[in-house]
Amino acid sequence: MNDNNGIMAYLKGDGLQKVIAVGCLVVLYIFFGIFGNHFLTQNTFVSILDSSYYIGFLAIGMTFIVITGGIDLSCGTVMVGSALIGGVAYKVWHFPILLCLVVVMLVALLFGWLNGLLVGKLNLPPFIATLGMQFISLGICSVVAKVQTQTYPSLKSADGWFKQVIYKYHNFPVGAIWLIVFFIVGWILLNKTILGRYTYAMGSNEDAVELSGIRTSKWKTLVYVVNGFFVGLAGIIYAATYSTITPQTGNGQEMYAIAACVIGGTSLAGGVGTISGTILGVFVISVLKTGLLSMGLPVQWQQVLIGVVVLLAVLVDVFRAQKAKRT
Amino acid sequence: MKKFLSVILCGVLVLTAACAFAEEFTNTSGKKMDIRIISKSFNNQFYQAAFKGAADAAAKLGVEVTTNGPDMETNTSQQVEQVKAAVNAKPDAIVLAACDTASLEETLEAAKEAGIPVIGFDSGVPGDTTGAVLATAATDNVNAGGNVAVNLIADPAFQKAILKGTEKAPTVLAILAQDATSGSIVLRVDGFITKALAALEALEGLAGHVSVSGQERWTKPSANAEKVKIVVVVPPSSSAADIQAASKTIFAMDNLVGVFAANQDAVNGVISATNDGTDLDRADGIYKDIFVAGFDSGTSQREAIKDGQFLGSVTQDPYQMGYQAVGLAVRAANKEAVSDVDTGSKWYNAKNIDNPDIAILLYD
């Protein structure tokens with residue numbers, strides 16, 4: 001009886017959206033399995049994984065931000081920008097490849113810290129601060145790269161080993177292991193540390209947190225730095241997956257990260273959200289994108305359907321928020 | 001004596017001819033000409049090569065060129081602003097590759113009124129109605145796409161593989177097009193399909209057995225039951241992730257024999273979808289029997305061609321586009337008559353990639 005109540009309470013609370021997300025994933029999988037071309041194959045599965053790595057890392061970082069009630073519009077451009085500068089380090093400055101990956105990380109952390117200062121210390125609305133940073137990262141990283149496309153070493157070359165460690169060893173999707181590892185890291189950060197507790201608290205009622213004597217400016221900055229860390233990981237795996245990094249791209253990717261959070265039940269109003277939900281959201285998006293392609297649908301319909309799924313997810317979020325207000 | 005005189009005469013003639021050639025681009029107005037170049041996107045490797053050609057032409061002709069372009073080919077509004085700013089600066093000529101002709105109409109009208117000649121380059125300014133655009137230096141994309149089809153289907157091993165198609169199990173020649181709206185890519189696919197249909201139907205037993213499907217624009221059922229299918233695949237956006245996913249869909253097709261990646265981004269997508277091309281290794285790759293033809297150039301593509309993972313590729317000549325466009329611009333600014341220049345396209349493969357005449361066309 002008690003168990004039953006537990007499940008009902010879970011469904012009424014944050015659990016509902018996660019259950020919907022899992023349901024959605026299963027339905028999509030069955031649907032594409034029937035109507036798609038070779039959807040239920042190992043290759044397609046690996047393809048789904050491949051396209052979820054960088055969105056996965058972006059979305060884990062984004063979950064922290066969204067739970068504080070913020071948003072990061074700069075993560076897509078910072079991801080590509082940091083990968084671009086890493087490429088410059090490799091091709092132009094002739095750094096060893098390992099150091100180049102450290103450069104990617106540092107660039108992303110720097111942008112995360114700057115976002116943190118703008119939002120945490122200067123109290124800019126996150127939307128505006130990170131929108132500004134989107135343009136700044138888009139521009140400044142291209143300036144450093146002299147607007148030249150950068151190419152990471154290919155698998156066959158001497159420095160190609162980094163791809164085997166990060167992305168794929170023969171046909172084994174190593175990236176998935178990293179995604180799991182950092183999913184656990186993200187989960188621990190959010191659920192088992194003070195940082196995590198304050199992240200939720202700031203999203204629920206920032207004034208109350210401030211009044212209880214906690215310096216929210218410091219903690220908020222830290223949340224953005226954590227996000228920068230995950231954006232850096234995304235940058236590294238993006239470089240390993242796509243090799244060729246084109247300057248001034250990456251905008252638009254943040255929307256997939258935000259969509260993944262929302263589909264996974266993270267509320268844009270703040271205070272609510274889980275990393276596991278976000279990962280579900282990431283897979284809903286990559287299954288959808290890969291599946292629609294395998295059906296051979298014209299492009300325009302793929303775009304329409306991806307849009308519809310994002311809207312549906314936000315609608316669920318809105319309904320839940322309204323319900324929460326009423327009760 | 002006569003011999004001596006004739007040698008001198010020949011020498012003079014050669015010199016005159018050389019002068020005439022050199023004069024073709026010479027600036028007669030005295031002061032340094034100001035030419036503004038605006039590409040479809042500033043970052044693209046392709047346009048960087050064009051800018052280099054333009055800079056070399058400018059150095060030779062003693063004119064000043066300024067290069068610019070939007071972040072992305074889709075950023076139409078940004079390009080409109082850039083062209084407006086260029087017109088307002090009253091340069092001697094503008095060299096332009098338009099993202100969207102319709103949205104530039106008003107600005108081009110203003111350029112015409114101000115007497116600033118506009119020269120197109122690369123995809124140029126298709127469908128310009130204002131008359132501001134006097135000439136274009138560009139690849140004929142229909143010819144270039146056709147060039148790929150002809151060379152791919154001429155390969156004996158490819159022919160053998162594609163002829164295995166039966167009515168029950170048709171073989172597939174797939175085309176990965178980055179989008180279905182960009183003028184240059186659409187024309188390229190047009191040219192490829194026209195030539196591919198002709199070349200395939202000319203093969204033994206295939207007449208009337210080749211169909212085209214995938215995207216509405218190109219769909220064409222075969223007269224008889226299909227033995228070969230040409231399938232066009234377009235990713236939902238031009239992001240690297242979506243193009244890679246679309247490539248993977250292609251490689252999952254049954255009886256796939258050949259792939260044509262219609263631009264540099266599509267080529268990069270195919271390469272990243274095949275483990276940096278290693279899956280296409282002729283010796284032991286899992287797709288070793290699939291023939292891939294590319295378009296344009298770029299570091300990864302050149303490596304794939306050198307290693308034999310790609311059968312070959314057709315390159316445009318961006319350097320010439322920039323170079324010729326500046327030449328046209330100078331002549332137009334000097335009120336000379338100008339006309340379109342086809343800057344050509346060439347098939348290259350592992351055999352000729354290092355030849356000097358090809359190497360000069362390959363850019364990063």
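**From a strand pair to the chain contact**

In this predicted model, B:Ser211 stands opposite B:Lys229, a residue of β8(B). The two strands concerned, β7(B) and β8 (residues 228-233) of chain B, run parallel and are joined by four bridges.

This pair belongs to an open sheet of seven strands in chain B, with the order β7-β8-β6-β9-β10-β11-β13 and mixed pairing. At its edges are β7 (210-213) and β13 (345-348) of chain B, each of which pairs on one side only. From one strand to the next, the twist averages 15°.

α9(B) lies across β6 (171-176), β9 (256-261) and β10 (291-295) of chain B, and its direction makes an angle of about 140° with β9(B).

Next comes the division of the chain. Chain B has a domain 1 (30-139 + 317-343) and a domain 2 (141-316). Taken over C-alpha atoms, the centres of domain 1 of chain B and domain 2 of chain B are 32 Å apart. Eight residues from domain 1 of chain B and eight residues from domain 2 of chain B make up the contact between them. On the side of domain 1 of chain B that touches domain 2 of chain B, the classes are three nonpolar, four polar and one charged residues.

The other contact to consider is the one between the chains. Chain B contributes 31 residues to it and chain A contributes 34 residues. On the side of chain B that touches chain A, the elements giving two or more residues are α2 (45-61), α8 (240-251), α9 (264-273) and α10 (299-306) of chain B. The most comes from α8(B), with eight residues. By class, this side of chain B holds eleven nonpolar, 14 polar and six charged residues.

In helix α3 (residues 42-50) of chain A, the buried residues are A:Thr44, A:Ser47, A:Ile48 and A:Asp50. Seen down the axis of α3(A), these buried residues fall within an arc of 160°, so they line one face of the helix. An α-helix has 3.6 residues a turn, so residues three or four places apart point the same way.

Note on methods:
Residues are numbered from 1 along each chain as its sequence is written. Chains are lettered from A and ligands numbered from 1 in the order in which they are written. This is a predicted model: local features need pLDDT of at least 70, side-chain atom pairs count only at pLDDT 80 or more; totals for chains, interfaces and linings use all residues. Two residues are in contact if their C-beta atoms, placed from the backbone, lie within 7 Å. Ala, Val, Leu, Ile, Met, Phe, Trp, Tyr, Cys and Pro count as nonpolar, Asp, Glu, Lys and Arg as charged, and the others, Gly among them, as polar. Two strands pair if DSSP finds at least two bridges between them. Axes are lines fitted to C-alpha atoms, for helices over the stretch in contact, and angles run from 0 to 180 degrees between N-to-C directions. Domain bounds come from an automatic or database domain assignment. A residue is buried if 20 or more other C-beta atoms lie within 10 Å of its own, exposed if 12 or fewer, and partly exposed in between; C-beta atoms are placed from the backbone. The arc is that of the directions from the helix axis to the C-beta atoms.
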